[in-house]
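Here are my notes on the model you sent over. Please read them with the structure open.

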Amino acid sequence: MGELLLIRHGETTWSATRRHTSYTDLELTPDGERQARTLAAFLAGRRFVTVLASPRSRALRTAQLAGLTVDAVDEDLSEWNYGEYEGRTTVDIHEDQPHWNIWTDGCPGGESPAQVGARLDRVLTRVTPLLDRGTVALVGHAHSLRVLGARWIGLPPSAGGLLRLDTATVSVLGHEHGRQVILRWNQPAPPAPGTAADSVARH
């Protein structure tokens, strides 16, 4: 049975400042491109049955710089639609809505946790049979991949709130004794020789 690799895109200007980014199609920052290139060495030697990516340029560029060939773009891998909260930070939103929690409340004009969970369930339905043939890679975004991780282990979408996911990280889902488990989570690529480790967590 193959593994399911979840790859979050590299840094953007909005992720660096913790602004919610879903449908806004931002490019990677120079540091985000560096992060994505570092993933190439981390992923080298792995063979994939298929590689699917979000349609957003930050995900597609990360895949390219990481040395991956995207076989298909999957709209269901898009980030949680933040609706009216697009471009805002949680701190900013809490000034108006102090008790707001995306994992239970969703976003006005955007998606609810149940809606995000439904489309990530569709992704899992499509890719799980492929694991009989080997490893599958999914390149996407923080909140949507966190929901996918929660759904893989049978938890509700809201449980994704317990699975922090930084930029340019790899998480691995797999099996143990026939059960679907998280094998590794939020694993950064090792820093390239001669560079300092990126110690700043990116939203």
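**Notes on the central sheet and its surroundings**

1. Start with the strand pairing. Strand 1 (residues 4-8) and strand 4 run parallel and are joined by 5 bridges. Within that pairing, L6 has L138 of strand 4 as its bridge partner.

2. A word on confidence. This is a predicted model. Its mean pLDDT is 94, and 94% of the residues reach 70 or more. Treat residues 197-202 separately: the pLDDT there is below 50. This stretch still has 16 contacts in the model beyond near neighbours in sequence.

3. V51 stands opposite A137 of strand 4. L52 has L138 as its bridge partner in strand 4. L138 is also the bridge partner of L6.

4. How enclosed is strand 4 (residues 135-140)? Buried here means under 20% relative accessible area. By that cut-off 6 of its 6 residues are buried, so strand 4 is largely enclosed by the rest of the structure. In a regular strand the side chains alternate between the two faces of the sheet. Here both faces are covered. T135, A137 and V139 are buried on one side, and V136, L138 and G140 are buried on the other.

5. Helix 3 deserves a look next. Which residues of helix 3 (residues 57-65) are buried? They are S57, R58, A59, T62, A63 and L65. Their cover includes strand 1, helix 2 (30-43) and strand 4. Just after helix 3, G67 takes a positive phi of about 85 degrees.

6. Then the nonpolar packing. In soluble globular proteins, nonpolar side chains tend to be buried together. The largest nonpolar core in this model has 26 residues, and L4, W80, L138 and L148 touch the most other members. Strand 1, helix 5 (102-105), helix 6 (113-127), strand 4 and helix 7 (142-152) each supply at least two residues of this core. Helix 6 gives the most, with 5 residues.

7. Leaving out residues up to four places away in sequence, L4 touches L124, V127, L131, V136, L138, L148, W152, S171, V172 and L173. There is also a second, separate core of 16 residues, and L39, A53, L68 and V172 are among them.

8. S15 lies in helix 1 (residues 13-16). Is S15 buried or exposed? The relative accessibility of S15 is 3%, so S15 counts as buried. A polar atom of the S15 side chain lies 2.8 Å from the backbone nitrogen of T12.

Notes: Residues are numbered from 1 along each chain as its sequence is written. This is a predicted model: local features need pLDDT of at least 70, side-chain atom pairs count only at pLDDT 80 or more; totals for chains, interfaces and linings use all residues. Side-chain values use heavy atoms; hydrogens and water are left out. Buried means under 20% relative accessible area, exposed over 50%, partly exposed in between (1.4 Å probe, protein chains only). Helices (H or I, at least four residues) and strands (E, at least two) are DSSP runs, numbered from the N terminus. Two strands pair if DSSP finds at least two bridges between them. Contact means heavy atoms within 4.5 Å. A polar contact is a pair of N or O atoms within 3.5 Å; within protein, one must be able to donate a hydrogen and the other to accept it, and residues adjacent in sequence count only if both atoms are side-chain atoms. A nonpolar core is a set of buried Ala, Val, Leu, Ile, Met, Phe, Trp, Tyr and Cys residues joined through side-chain atoms within 4.5 Å. pLDDT is the predictor's confidence in each residue, from 0 to 100.
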